[in-house]
Amino acid sequence: MNQPDCQSIQFNGSDFTSFINFVKSMNSKDKSKYSRLVLLHVENDKLVCRAIDDNSNYIEYYVELFHTDNEITEYISVAISDILALVKCSSNIKFTIRKCFNQYEFNVIGDGWLPFNVIDVDITKYNIKGNTSTLGEINASELYDAISSVLSYTQEYTYAKDKYITFKADKMFVTSRLSGVMTKGTFVEMVLHRDDAARLRLLLKDCDELKISSIKSEIEQLCFESKRFKFIINCSDIDTSDNSYNKAIDNYVTVNCDELYKLVLFAEEYSASKHLVGLTIKDGKLIASVKNTLGANHVSVIESKPIGSVSSTHEAVAKAKNILRSLKIFQDKHIREINIYISDELLVDQNSIIVFDDNTQAIINIIQ
């Protein structure tokens with residue numbers, strides 16, 4: 001593999017490709033020199049891969065390293081565009097970089113060696129500065145599932161706060177104007193922009209425990225650490241309302257989630273639809289009405305199971321897209337049945353209805 005006096009490193013191609021793809025998404029809009037580089041270095045029998053962006057966000061990723069006789073000990077700084085091209089041309093599931101006569105080369109198809117440029121960098125740019133305090137450790141898969149459940153909900157927003165996911169010790173919530181979704185769980189107190197949450201979610205796959213810390217420096221940051229990575233982002237400074245999880249809902253109906261979803265989806269896609277759906281409780285059953293421009297009243301009686309003492313209510317009319325977004329969260333959880341709470345008191349006091357299961361509540365604002 002090596003010529004005499006050459007040094008080399010060999011490492012896991014799958015792990016490294018995951019790192020490069022992550023950095024590409026992280027730095028896609030950045031333009032500074034350092035945001036277009038990755039820094040590679042062997043530490044503690046692993047290949048430590050680092051990158052930063054223009055906002056001082058930082059990723060440190062640990063890639064499995066394989067033994068080579070004469071290991072490269074220097075830092076290797078290479079352009080993301082170059083390493084991406086080389087990775088696509090690799091001939092093996094194990095990637096190999098060698099250094100011969102001060103020239104770095106990457107092993108490619110046909111056991112060839114393509115040279116690439118290394119770039120002089122200031123290593124201190126990658127130092128983590130500030131006082132660190134631990135916020136807690138949480139289950140990575142639970143956080144992954146929680147973020148996954150609400151990412152699509154945050155895509156349509158009215159106010160800036162609707163683009164953020166708020167975590168408390170015992171719940172997570174997102175908002176959309178006067179509507180919102182709350183999920184019970186074990187978390188730490190933090191606020192994540194949806195884009196940061198989406199990137200963190202990519203890293204959480206196949207992780208176990210996750211340590212979360214606060215870094216106090218010129219810019220307050222959050223640090224997420226696992227056995228595979230360290231990811232640091234700037235803290236969000238937006239104010240979010242602390243929505244309460246209603247633990248004492250009774251007197252509701254249980255319905256088939258798929259049936260209701262299909263009906264509301266029709267209301268959103270039908271050409272003669274006003275894109276409004278009316279929901280009411282009558283004789284212990286959920287009544288749905290797709291509002292249309294043809295003048296004919298539509299009424300569907302959804303098969304329902306009343307829980308508790310369910311009273312008949314006035315009609316609650318909501319935008320079809322708002323109902324759909326909430327129902328989609330339960331659909332993604334593969335839940336067959338959902339609970340719907342409608343009461344005249346809730347309609348008057350909060351202009352909303354609540355759709356929920358055993359750990360998630362979606363508050364849907366109605367049209368007055």
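Which residue does a disulfide join to Cys6? The partner is Cys100, with an S to S distance of 1.6 Å; here a disulfide is any pair of cysteine sulfur atoms within 2.5 Å. Before we go further, please note that this is a predicted model, in which local features need pLDDT of at least 70, side-chain atom pairs count only at pLDDT 80 or more, and totals for chains, interfaces and linings use all residues. Residues are numbered from 1 along each chain as its sequence is written, and side-chain values use heavy atoms, leaving out hydrogens and water.

Let's start with the whole chain. It contains seven helices and 25 strands; these are DSSP runs numbered from the N terminus, with helices being H or I of at least four residues and strands being E of at least two. The chain has a radius of gyration of 26 Å, well over the 21 Å that the globule rule gives for 368 residues, so it is more spread out than a compact globule. That radius is taken over C-alpha atoms, and the rule is 2.2 Å times the number of residues to the power 0.38. Along the principal axes, the C-alpha atoms fill a box of roughly 85 × 45 × 35 Å.

How much of the chain is buried? Buried residues make up 52% of the 368, where buried means under 20% relative accessible area, exposed means over 50%, and partly exposed lies in between (1.4 Å probe, protein chains only). Now look at the contacts, meaning heavy atoms within 4.5 Å. Of those between residues at least 6 apart in sequence, 64% join residues at least 24 apart.

Back to our disulfide, which is the one found in a search of the whole structure. Cys6 lies in the segment before strand S1 (7-12), while Cys100 belongs to strand S6 (residues 94-100), so the pair ties together parts that are 94 residues apart in sequence. The link of Cys6 and Cys100 is right-handed, with 125° about the S-S bond. Both Cys6 and Cys100 are buried.

What about Cys89? Cys89 is in no disulfide, and the nearest cysteine sulfur, that of Cys100, is 18 Å away. Cys89 is partly exposed, with a relative accessible area of 27%. Cys235 is in no disulfide either, and its nearest cysteine sulfur, that of Cys223, is 11 Å away. Cys235 also counts as partly exposed, at 26% relative accessibility.
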